Amino acid sequence: MLTYSQKIKDHFINPRNVGVLTDATVLGEVGSMAAGQALKLYLKLDDTEVIRDARFQVFGSPSAIAASSALTEMLKGKHIDEAARITADDISQYLGGLPPEKMHTCVMSMEALEVAYARYRGIDLETELDENGDLFVCRCYGIPEHKIERAIRDHNLTTIEQIAHYTKAGGGCNTCHPDLNAIIARVRAEMPSEAPKPAAPRPSGDMTNLDKMRAIQEVLDREVRPGLAMDGGDMELVDVQGNKVYVQLHGHCNSCASSSATMKFFVEDRLREMVDPEIVVIDTTEHSDQLHAPPMR
Amino acid sequence: MTERPIYLDNNSTTFPAPEAVEAVLPLFGEIYGNPSSTHGFGQKARHELELARENVAKLLSCKPAEVVFNSGATEGNNTAIYAALDGMPERKHIITSRTEHASVLEVVRYLEQSGYRVTELNVDRLGRIDLDELKNEISGDTALVSLMWANNETGVINPVNAAGDIAKQFGALFHVDAVQAAGKLKIDLAEEAAIDYLTISGHKFHGLKGAGALFVREKAPFLPLIRGGHHESGRRAGTENAMGIVAMGAAAGLLNREMAKHVEHMKLMRDRLQSGLLAKCDDVIINGDQQDRLPNTVNAGFKFIDGEALLMMLDAANISVSAGSACQSGGLEPSHVLKAMNVPLSAIHGSVRFCVSRYTEPEEIDAAVEQISAMVMRLREMSPFGHTEQRGNGLSAEELEKHKAYFATV
């Protein structure tokens, strides 16, 4: 059995925003019983095209439930155009990293969002599919060629196993494996050569320090720094040692002791929720002439 | 959340019987000799080992000399297959079934690449093999027929006696994986004369992990899988796992005395569980034949939900069950057993296995049924297929089409 991060378990056991939005502006649905997973994503937009409410119904594994729940949380408050840029990797990162075998659940969430967006903007996804003349490459899960091509490009995939993790294609009876190899060869030949990226983030259970630092930086960038910037401040990640996270406040923030205490708890809360429940945030902010370094122990 | 953890995964492994644990304790103390040594220390250990062999032989109604101790069922199945093929070098055909354990299927599929012809018998909707298919497929080229006595996922029992007779008519050797049968069904190898090899594993009947036994009939051909010593009369090299074997012997001894009582209890608990589930949950099917079935196993397919999701919710509530063989493939594929049975698409993803033991209590069953039905309802409320008005007539035309495409390939 796979091991899941605390955050995935939390979103699975206590999924946010489950249910139907009867007054939804737009609905995105993907998957089927045959595929073993399906998602209906309901979005309610206000006059300025900001997503005010997001709900979902899902049939699928624990990670499919967690990914859908995470996506609805990520969508709320975002403008629809900004929301449409959310990727499968973003959803996975929000959950502290899914096991590679389960990345297809984040891909499904992203696809439901795509369908909803296309429908809202009047883009005809169906026609696009027809013109591609796609047949199912993987008949077990009904996965067409363009989805496989896209996963290879988006996630820099090189093996059939990775394709199965991201799309489920090839994870069934294996008869499509020669076709998949041909698609990999063709798509990769078309791709600009670049340094290979890791195919999937690691689950937080066995995060390396580097991964952890990256995940923490991600949370700071997304959840903390934009708010501070509005007040002319900023927060720098100084170091991570085990579960101790050393940060430094800059700009207007570093002169105000009470706000820095509030910040510490706010940041700690976010990091505990998203990266590791054991995290302790240590504010190393001194007067501006102090060195930016963690205290020696 | 139940107060005490409830274990309903007894086909995976079982609670070690206190009697078995107690029997092993002296081996952590004064009885530490190597059973192969001729001195006093060794002979004491040897004595314990031979007592265990007698108990296991009695459980199987065979001769003690026909019992070869090993590390468990995976080794036993591997050994039996290679031994049989080695004994029939002129024959190049193997017959097994699609619902076998991986330790048989993966071995024969490997052998298929090196020149053997393999026939995997189909099963019907209830998980039963068809003896006529066996008769049609078997020939003078068939070296080995390998079938499980009872299936680990559904509990469905194979007609090993009749299948063995067919194998013998064609001079083929016959191997039976009896891992799930031991402790739950009567195994009488004096009566089942057609069986040449039979596999059991100690931890499946309240022994310890890491010890099993392979029955090799007196005249059957044999080839050791592991070489390097005279242990087990040259049939399995390596110092015996004395602790595991002694525990298995004690567990077998317990069964020799009171198996009928245990089976009666398991049946009661299983039926209580099944009728509870059927009463409390809508849209649930029981997978597999309910007549010829292990006394401890219920495989239930909850329509419109995912089995792994149910499993994890139950785990969070302190109830341990298993969802097919999903663990082997990272949860990507429905179980090969249920696929072979053509379990409907609406239920295959939501199929969960519940297995009781002689230690299961009625209060545990009642608490589990309560939790299971609540969680099935919760997952269905979440599911886009889970609402009555939507699922009314079963699958949509499009889903049916996909269903057919899916099963055309398996």
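In chain A, 5 residues of domain 1 are in contact with 6 residues of domain 2, where contact means that the C-beta atoms of two residues, placed from the backbone, lie within 7 Å. The model is predicted: local features need pLDDT of at least 70, side-chain atom pairs count only at pLDDT 80 or more, and totals for chains, interfaces and linings use all residues. Residues are numbered from 1 along each chain as its sequence is written, while chains are lettered from A and ligands numbered from 1 in the order in which they are written.

**Chain A**

- Domain 1 of chain A covers 6–190 and domain 2 of chain A covers 207–283, with bounds that come from an automatic or database domain assignment.
- The C-alpha centres of these two domains of chain A are 30 Å apart.
- On the side of domain 1 of chain A that touches domain 2 of chain A, the elements giving two or more residues are α1 (6–13) and α4 (88–94) of chain A.
- That side of domain 1 of chain A divides into 1 nonpolar, 3 polar and 1 charged residue; Ala, Val, Leu, Ile, Met, Phe, Trp, Tyr, Cys and Pro count as nonpolar, Asp, Glu, Lys and Arg as charged, and the others, Gly among them, as polar.
- Chain A has 11 helices and 8 strands, which are DSSP runs numbered from the N terminus (helices H or I, at least four residues; strands E, at least two).

**Domains of chain B**

- Chain B is divided into domain 1 (6–13 + 259–408) and domain 2 (18–256), and their C-alpha centres lie 29 Å apart.
- Each of these domains of chain B gives 24 residues to the contact.
- α8, β10 (297–302) and α10 (336–340) of chain B are the elements that give two or more residues to the side of domain 1 of chain B that touches domain 2 of chain B, and the largest share, 3 residues, comes from α8(B).
- By class, this side of domain 1 of chain B has 8 nonpolar, 12 polar and 4 charged residues.

**Helix packing in chain B**

- Helices α3 (residues 73–87) and α4 (residues 102–113) of chain B pack at an angle of about 35°, and their axes are 9 Å apart; axes are lines fitted to C-alpha atoms, for helices over the stretch in contact, and angles run from 0 to 180 degrees between N-to-C directions.
- The residues in this contact include B:Asn77 and B:Ile81 of α3(B) and B:Val104 and B:Val107 of α4(B).
- The residues of the contact of α3(B) with α4(B) comprise 5 nonpolar, 4 polar and no charged.

**The largest nonpolar core**

- Among the 196 residues of the largest nonpolar core, those touching the most other members include A:Ile91, B:Phe215 and B:Leu310; such a core is a set of buried Ala, Val, Leu, Ile, Met, Phe, Trp, Tyr and Cys residues joined through C-beta atoms within 7 Å.
- Helix α8 (residues 242–280) of chain B provides the largest share of this core, 15 residues.

**B:Ala347**

- B:Ala347 lies in helix α11 (residues 345–348) of chain B.
- B:Ala347 counts as buried because it has 22 C-beta neighbours inside 10 Å.
- The C-alpha atoms of B:Ala347 and B:Phe302 are separated by 5.7 Å, although the two residues are 45 residues apart along the chain.

Definitions and conventions:
Buried ≥ 20, exposed ≤ 12 C-beta atoms within 10 Å, placed from the backbone.
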